[in-house]
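Open the model in your viewer and keep the selection panel at hand. The stops below go one at a time.

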Amino acid sequence: MKSRLSHRDMSDSRIPHLGVLRLGHRRDRDKRITSHLGLTARAFGADEIYLAGDKDPSALETWNSVSKRFGGNFQSRHEEKPLSFLRRFSKDSGDGKPGTIIHLTMYGEPWKETLPKISLDRPTIIVVGGTKVPGEVYRLANHNISIGNQPHSEVAALAIFLDSFVGPIDNESHFFGGELRVIPNAQRKQIVNFEEE
Ligand code: SAM
């Protein structure tokens, strides 16, 4: 019996291209949490993160460096105009057809009920806020989704949502390449370093 709430199991490759849009990044205040947000996006199966707000090359460097060491094809870039980007994506996600926009917000509908209604056929952007989120984001979103209706963290919200939406990730295929591979071990830290072999 499936114990998790998930759209797919490991043999199901129907999950669409997944981007995460991080709104309102403030270089000084949000450095650490934005860095963790990108790492969480990568680790839980997103393909890409778009950083809006302050330009912050250090965040992009961190994500690139982790991908180089631990593998996979996670992309990141700064997005100068996030609302225009979302408006365009809501009409044309690259093939002339609308993409799906999911906005994570404590004011949204419960994720466990909304998850089965989300289309798996279209490229998808998951929007998370930082400072106050513009009202237009709620209107552009196909789904405003809450991970509980209490305020907490964009990192927690994204992790829970992605884990539910994407399901288990096959480390070998998803995080291909890379210099390091962690071998799960109950007693000690075990890492294979391909660079040294
Ligand atoms: N102070 C901001 C505001 O007034 O909108 C929100 C700050 S909150 C720490 C940052 C982001 O975390 C939110 O924009 C949302 O994406 C996410 N978040 C926080 N709590 C959430 C929840 N219960 N469900 C879904 N997302 C949540």
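This is a predicted model: local features need pLDDT of at least 70, side-chain atom pairs count only at pLDDT 80 or more; totals for chains, interfaces and linings use all residues.

Numbering starts from 1 along each chain as its sequence is written, and side-chain values use heavy atoms, with hydrogens and water left out.

**Stop 1.** Select Leu104. This residue lies in strand E4, residues 100-110. Strands are DSSP runs of at least two residues (E), helices of at least four (H or I), numbered from the N terminus. Leu104 counts as buried because its relative accessibility is 9%; buried means under 20% relative accessible area, with a 1.4 Å probe and protein chains only.

**Stop 2.** Show the contacts of Leu104. Beyond neighbours within four places in sequence, they include Ile126, Val127, Val128 and Phe161. Contact means heavy atoms within 4.5 Å.

**Stop 3.** Select the ligand. Around it are 19 residues, and Leu104, Gly129, Ile147, Gly148 and Gln150 are the closest. A residue is near if one of its heavy atoms lies within 4 Å.

**Stop 4.** Draw distances. A backbone N or O atom of Leu104 is 2.6 Å from a ligand oxygen atom. For Gly129, a backbone N or O atom lies 3.1 Å from an oxygen atom of the ligand. A polar backbone atom of Gly148 is 2.9 Å from a ligand nitrogen atom.

**Stop 5.** Colour by element. Those giving two or more residues to the ligand shell are E4, strand E6 (143-146) and helix H6 (154-166). E4 gives the most, with 3 residues.

Methods: Buried means under 20% relative accessible area, exposed over 50%, partly exposed in between (1.4 Å probe, protein chains only). A polar contact is a pair of N or O atoms within 3.5 Å; within protein, one must be able to donate a hydrogen and the other to accept it, and residues adjacent in sequence count only if both atoms are side-chain atoms.
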